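Trainee: I've got a two-chain model open and I'd like to talk it through with you. Can we go over it piece by piece?

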Amino acid sequence: MNYNEQLRQKITAAEQRRIEATAILKAAKSQRKTGFAEFIHDMLFGLGLRNIFYGIYDVALLTIVIAGAIIALLNGLPADYGQINPNIYGIMFAASPAVYMAFFLLAFLKERSGGGFDVKMTCRYTALHLCAFRMFLCGIFCMIFNVAAAGILAVRAGVDFAEIAAISFSSLFLFALVMILSLLRFGTKGCIVPAAVMAMCVIMSVFQWYNALLRSIPTAAYVVLGAVLLVLNQSVLNKINRRFSYAVR
Amino acid sequence: MLSVNNVTMKYGNHTVLDDISVDFENGVYGLLAPNGAGKTTLIKLLATLHFASSGAVLWNGESITALDEKYRDIIGYLPQQFGYYKSYTPTAYLLYLSALKGIPHTAAKQRVEELLELVALSDVRNVKLKKFSGGMIQRVGIAAALLNDPKVLLLDEPTAGLDPKERVRFRNIIAGLSKDRIVILSTHIVSDVESIANRIIMLQNGKIYCNETVAEVCGRLAGMVYEAELPAAETADFSHNHFVLSERFEGDRAFLRFIGDGSEGYAPKNAGLEDVFLYLYCDTEGGNADTL
């Protein structure tokens, strides 16, 4: 093959690649971008709750039992517990993330270990869609848990409802964000990060300076922080819905 | 048509697939290579479980990543390890996967019945999966891969754990399915693909070594395969001086199949796919690709 033929072949190959690249970019641009509301609607009515929780009913039940046990424990506290144990703020900072983690990590690990993760990743509704939606529902469940726990503490133990609810709200979504990002970044190994954060929060909750630090932050700041983290969480979940720039390996 | 265009796949510094290009049309493609050669990586790439470091996979000219769920709707995938929930029946599990694949419930029920019949599991449709043998689980996996009547069927080591009878049944199922779809079957077991594959794709050092019919692949060893009958005691010496493909002993006689140049007076034999596989992927560094 002479030089001219080689050059022509190279140009043709380059041109072919350019045409293919343009087609790919065009297809990517024209791709339907579903919003979060459409994602929720599609999951609820397209797939249904029964299939969303398929195989992890036991984990969902366990989470409800854990949350119920915490509520029952709080309900049994003496009336002046808020004054007796100032560490209650640190404990509440860790409580709703603990419920969240119990559900999500167990469900995720069960999915990865025996739930046909790879096969689900090739379905229309992938394992990541399921995880994202379960996180969303778990977030709602934990917010209800927060309000119930804060209400009980306010009534039974004389703590400030708004303050404790705001602390729990922000901690929940801070933890949720740490968890999803670490799972997306490191896959199954990423479970270590939220577990370590949780352990740290539980250990820290026994120190008075930590509780004092938590209380030194204004309630409004917690509300704003929680709201920002909630939006960030939603944004990440939506990215999973639009998928797979973050494929879990 | 499914096209793999200049795809490179790297894990850190290790290149598993190196600038490979291949087009798939309807028929059975046997992806044949030893363990660790990149078969699973290629299958996972086609199943959208991995993303290429560079290059693209196109379905009818469109990137499978951009096609997203439209592409996933037309693929069926059976991984090496088919995960399942042990406490569920095959019917329940397949109906669940049908829901994930977006198949309406009524259509799914009928499809699941058909598929359980096809893989000969209709008698145990309501038995829990934890009571199934490895072969039965694999058949559930095959049924799962066929739920959406896929245009592209990706099977990664599908006959692992199957007994000979089940292997034959599996081959017949695949042969029957290949008329109007692409079936890509990765294996290191030559007999899995020898009789059913329209084309054999062999990987060598991360590149496609060949993409040919079985006859063409076998033709690479034409006139090079011989069989010698020797006293059993002489096999060690013979093996030392020849590339022996297989040995068979009958009493004190040994029958050795080997690669030769015909200079020793033995009659040449027809080469089989297994001969090519053994010769290409021999233990010497880089195999014998250069001599074929």
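Mentor: Let's take confidence, then each chain, then the contact and the core.

Mentor: Some ground rules on this predicted model: local features need pLDDT of at least 70, side-chain atom pairs count only at pLDDT 80 or more, and totals for chains, interfaces and linings use all residues. Residues are numbered from 1 along each chain as its sequence is written, while chains are lettered from A and ligands numbered from 1 in the order in which they are written.

Trainee: What average pLDDT does chain B get?

Mentor: pLDDT is the predictor's confidence in each residue, from 0 to 100. The model as a whole scores ipTM 0.83 and pTM 0.79. In chain B, 97% of the residues score at least 70, and the average is 88.

Trainee: What percentage of chain B is buried?

Mentor: Buried means 20 or more other C-beta atoms within 10 Å of a residue's own, exposed means 12 or fewer, and partly exposed is in between, with C-beta atoms placed from the backbone. For chain A, buried residues make up 36% of 249 residues. For chain B, with 292 residues, the figure is 43%.

Trainee: Which element gives the largest share of the side of chain B that touches chain A?

Mentor: The contact takes 30 residues from chain B and 24 residues from chain A. Several elements of chain B supply at least two residues each, including β4 (54–59), β6 (75–78) and α4 (90–100). The largest share, four residues, comes from α4(B).

Trainee: Which residues have the most contacts inside the largest nonpolar core?

Mentor: A nonpolar core is a set of buried Ala, Val, Leu, Ile, Met, Phe, Trp, Tyr and Cys residues joined through C-beta atoms within 7 Å. Leaving out residues up to four places away in sequence, B:Leu154 touches residues including B:Ile43, B:Leu46, B:Ile75 and B:Ile184. The largest core has 157 residues, and those with the most contacts inside it are A:Tyr100 and B:Leu154.

Trainee: Why do the buried residues of α7(B) line one face of the helix?

Mentor: Helix α7 (residues 164–177) of chain B has 14 residues, and its buried ones are B:Phe170, B:Arg171 and B:Ile174. The face turned away from them carries the exposed residues B:Lys165, B:Asn172 and B:Gly176. Cover for the buried residues includes β3 (27–32), α6 (134–145) and β8 (182–187) of chain B. Seen down the axis of α7(B), the buried residues line one face because they fall within an arc (of the directions from the helix axis to the C-beta atoms) of 100°.

Definitions and conventions. Two residues are in contact if their C-beta atoms, placed from the backbone, lie within 7 Å. The expected span of a helix is 1.5 Å times one less than its number of residues.
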